[in-house]
Amino acid sequence: MAVIVALGAFLMTLAGGWVAQRVSDRRHLVLGLAGGLMLGVVGLDLLPEAMEAAGGQVFGVPAALLLFVGGFLVAHLVERSLAVRQAAHGASEERVPQVGLTAAAAMVGHSLMDGVALGAAFQVGGGMGAAVALAVITHDFADGFNTYTLTSLYGNARRKALLMLYADALAPILGAATTLLFTLPEELLGCYLGFFGGALLYLAAAEILPEAHHEHPARSTLLCTVAGVGFIWLVVGIAE
């Protein structure tokens with residue numbers, strides 16, 4: 001059942017990537033929406049789930065929060081090492097395609113874990129599986145949208161962006177299939193979600209949103225960002 005449901009996530013991911021391609025003439029709106037979706041996924045979905053699953057504390061701080069900060073710092077260090085941000089305050093800067101591919105690969109890894117979470121939920125029971133399935137299938141639209149946007153934003157060719165999109169679409173199916181072989185410890189899943197959430201927040205706050213508002217500081221861009229957050233809030237609320 002988990003693998004069958006993951007096919008829905010496959011289609012929704014491709015739909016998100018298709019939408020990202022079709023609105024390329026409204027790039028600032030695409031980036032504003034992508035930033036809002038990423039912010040919503042981190043703050044309303046990934047981090048609460050990581051806090052609940054990761055469990056224990058390290059020197060008085062929840063492990064999920066430590067890994068969240070660690071993910072943010074790792075993303076920052078990777079970007080600095082590739083010399084992507086050479087100017088401050090929205091100045092023009094050279095973008096390194098490898099950063100876009102790395103960010104898209106992180107999205108693929110997240111989608112793989114979505115599939116694992118889906119399979120694990122069905123191991124618990126049908127009700128839990130249905131709730132997680134709704135969340136995964138719906139927010140995989142945002143994953144596909146963001147994967148294509150992140151890859152192309154850094155100057156990668158359309159072929160590479162599509163390749164990463166297809167990889168992201170297949171990842172939930174592979175993740176769900178692996179749960180037929182083993183059961184993933186809940187704490188490990190929570191730690192991963194915390195780390196990935198920190199990296200994703202860095203990309204949204206330091207790259208996507210500044211780019212969107214610097215190129216076209218319109219009210220419509222801000223509305224797209226708010227709409228992205230609101231959409232994820234709706235998804236999380238329905239899933240709960």
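Q: Helices (H or I, at least four residues) and strands (E, at least two) are DSSP runs, numbered from the N terminus. In which helix does Thr 13 lie?
A: Thr 13 lies in helix H1. This is a predicted model, in which local features need pLDDT of at least 70 and side-chain atom pairs count only at pLDDT 80 or more, while totals for chains, interfaces and linings use all residues. Residues are numbered from 1 along each chain as its sequence is written, and side-chain values use heavy atoms, with hydrogens and water left out.

Q: Is Thr 13 buried or exposed?
A: Thr 13 is buried, at a relative accessible area of 0%. Buried means under 20% relative accessible area, exposed means over 50%, and partly exposed is in between, with a 1.4 Å probe and protein chains only.

Q: And what does Thr 13 touch?
A: Leaving aside residues up to four places away in sequence, Thr 13 touches Asp 140, Gly 144, Leu 165, Asp 168 and Ala 169. A contact means heavy atoms within 4.5 Å.

Q: At what angle do H1 and H6 pack?
A: Helix H1 (residues 2-22) and H6 pack at about 160 degrees, and their axes are 7 Å apart. Axes are lines fitted to C-alpha atoms, for helices over the stretch in contact, and angles run from 0 to 180 degrees between N-to-C directions. The two helices are therefore roughly antiparallel; that word applies to angles over 145 degrees, whereas under 35 is roughly parallel, 65 to 115 roughly perpendicular and the rest oblique.

Q: Which residues make that contact?
A: Among them are Ala 6, Phe 10, Thr 13 and Gly 17 of H1, and Leu 165, Asp 168, Ala 169 and Ile 173 of H6.

Q: Staying with H6, what about Gly 175: buried or exposed?
A: Gly 175, which lies in helix H6, counts as buried at 0% relative accessibility. Gly 175 touches Leu 112, Gly 115 and Val 116, not counting residues up to four places away in sequence. The C-alpha atoms of Gly 175 and Asp 114 are 7.0 Å apart, although 61 residues separate them along the chain.

Q: Changing topic, how many helices and strands does the protein have?
A: The protein has 8 helices and 2 strands, and from the N terminus on the order is α-α-β-β-α-α-α-α-α-α. Of its 240 residues, 48% count as buried.

Q: How many residues has the largest nonpolar core?
A: The largest nonpolar core has 38 residues, and those with the most contacts inside it include Met 38, Phe 145, Leu 150 and Ile 208. A nonpolar core is a set of buried Ala, Val, Leu, Ile, Met, Phe, Trp, Tyr and Cys residues joined through side-chain atoms within 4.5 Å. H2 gives the largest share of this core, 11 residues.

Q: What does Leu 150 touch?
A: Leu 150 touches Met 38, Gly 100, Ala 103, Met 107 and Ile 208, with residues up to four places away in sequence not counted.

Q: How many aromatic pairs does a search of the whole structure find?
A: The search finds 1 aromatic pair. The ring centres of Phe 72 and Tyr 202 are 5.0 Å apart and the planes stand at 85 degrees, so the pair is edge-to-face. Rings of Phe, Tyr and Trp (its six-membered ring) pair if their centres lie within 6.5 Å; planes under 30 degrees apart are stacked, over 60 edge-to-face and the rest tilted.
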